[in-house]
Amino acid sequence: MDLQYSSSLNGASYMLFELKQVVKLKQKGLSETEIRKKVVEDNVFQVTNKNRINRSLPSVMKRASVIDEVLAAYMLEGSLEIGKVINLYAIMKTDLLFFEFMAEVIGERLQTNNYLLEKKDINIFFTVKSEQSERVASWSDINIEKLKRAYMQVLFESGILKDRKGNELNRLIIDDQLKEHLKHIGDIKYVHAMGE
């Protein structure tokens with residue numbers, strides 16, 4: 001998957017419930033087209049606003065595509081914590097900018113036992129990226145502010161950020177078998193980005 005920087009996290013931030021639903025349908029053998037149709041027609045995501053489905057479905061489908069059989073089984077049969085870790089992995093694997101944020105800001109903090117995430121850390125990250133990338137530089141300030149909020153939302157919902165308005169980081173407990181599997185499939189860099 002050749003990833004470019006994207007701000008799609010604005011339309012589909014955490015979506016753990018939604019991802020699990022799509023993974024279940026995938027396991028039943030439904031094609032991508034069938035899944036899309038079922039999600040919309042049967043309101044599988046249980047949302048009142050159909051526009052939300054259209055906004056979030058592409059990201060959720062993309063995340064589901066990086067979840068192999070082993071991860072799918074862990075996600076559907078394992079604990080909520082395991083599901084959260086796999087969801088975070090899928091977000092990083094399909095969103096290059098968010099992965100770099102995790103690796104360069106969060107992972108680095110956790111590996112040095114620094115559990116404080118300050119607003120300036122996020123601001124500096126986006127400033128540097130907009131200097132390195134014309135694409136990021138072309139985004140509006142409003143888009144970038146929304147994206148920062150989406151990143152914080154993902155950190156909070158995955159359990160890395162202790163509380164929604166706070167700035168204290170938490171270390172995720174990553175199941176050893178899950179860690180081994182990610183290592184086995186060549187994705188250990190995502191485990192490191194989670195602070196391991």
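**Close-up 1. Phe 98 and the residues around it in the nonpolar core.** In this predicted model, Phe 98 touches Leu 9, Leu 88, Ile 91, Met 92, Tyr 151 and Val 154, when residues up to four places away in sequence are not counted. Phe 98 also belongs to the largest nonpolar core, which has 66 residues, and is listed with Ile 67, Met 102 and Ile 106 as those with the most contacts inside that core.

**Close-up 2. The contact of helix 5 with helix 6.** Helix 5, which covers residues 80-94, and helix 6, which covers residues 96-111, have axes that come within 5 Å and cross at roughly 115°. On the side of helix 5 the residues taking part are Leu 88, Ile 91, Met 92 and Thr 94, and they meet Leu 96, Phe 98, Phe 99 and Met 102 in helix 6. Sorted by class, this contact has seven nonpolar residues and one polar residue, with no charged residues.

**Close-up 3. The crossing of helix 6 and helix 9.** The axes of helix 6 and helix 9 come within 12 Å and cross at roughly 65°, and the two helices are therefore roughly perpendicular to each other. Their crossing is right-handed, and the contact is made by Leu 97, Phe 98, Phe 101, Met 102 and Ile 106 of helix 6 together with Leu 147, Tyr 151, Val 154 and Leu 155 of helix 9.

**Close-up 4. The crossing of helix 1 and helix 2.** Helix 1 (residues 16-27) and helix 2 (residues 32-41) have axes that come within 10 Å and cross at roughly 130°, an angle that therefore makes the two helices oblique to each other. Helix 1 passes helix 2 in a right-handed crossing, where Val 22, Leu 25 and Lys 26 of helix 1 make the contact with Ile 35, Lys 38 and Val 39 of helix 2. By class, four nonpolar and two charged residues form this contact, with no polar ones.

**Close-up 5. Lys 148 in helix 9.** Lys 148 has its place in helix 9, which covers residues 141-158. The relative accessible area of Lys 148 is 13%, and the residue therefore counts as buried, the limit for this class being under 20%. Lys 148 touches Ile 122, Asn 123 and Phe 126, again without counting residues up to four places away in sequence.

**Close-up 6. Asn 43 and Gln 46 in the loop between helix 2 and helix 3.** Most residues other than glycine have a negative phi. Asn 43, although it is not a glycine, has a positive phi of about 45°, and Gln 46, likewise a residue other than glycine, has a positive phi near 55°. Asn 43 lies in the loop between helix 2 and helix 3, the latter covering residues 50-65, and Gln 46 is found in the loop between these two helices as well. With a relative accessibility of 24%, Asn 43 counts as partly exposed, whereas Gln 46, with a relative accessible area of 62%, is exposed.

**Close-up 7. Glu 118 and Asn 167.** Glu 118 lies in the loop between helix 6 and helix 7, the latter covering residues 119-132, and is partly exposed, with a relative accessible area of 35%. Although Glu 118 and Asn 167 are 49 residues apart along the chain, their C-alpha atoms are separated by 6.1 Å.

How values were computed:
Residues numbered from 1 in each chain as written. Predicted model: local features only at pLDDT ≥ 70, side-chain atom pairs only at ≥ 80, totals over all residues. Heavy atoms only, no water. Axes fitted to C-alpha atoms, helices over the stretch in contact; angles between N-to-C directions. Helix = DSSP H or I, 4+ residues; strand = E, 2+ residues; numbered from the N terminus. Parallel < 35°, antiparallel > 145°, perpendicular 65-115°, else oblique. Left-handed = near helix turned anticlockwise from the far one by under 90°. Contact = heavy atoms within 4.5 Å. Nonpolar A, V, L, I, M, F, W, Y, C, P; charged D, E, K, R; others polar. Core = buried A, V, L, I, M, F, W, Y, C linked by side-chain atoms within 4.5 Å. Buried < 20%, exposed > 50% of the residue type's maximum accessible area, 1.4 Å probe, protein only.
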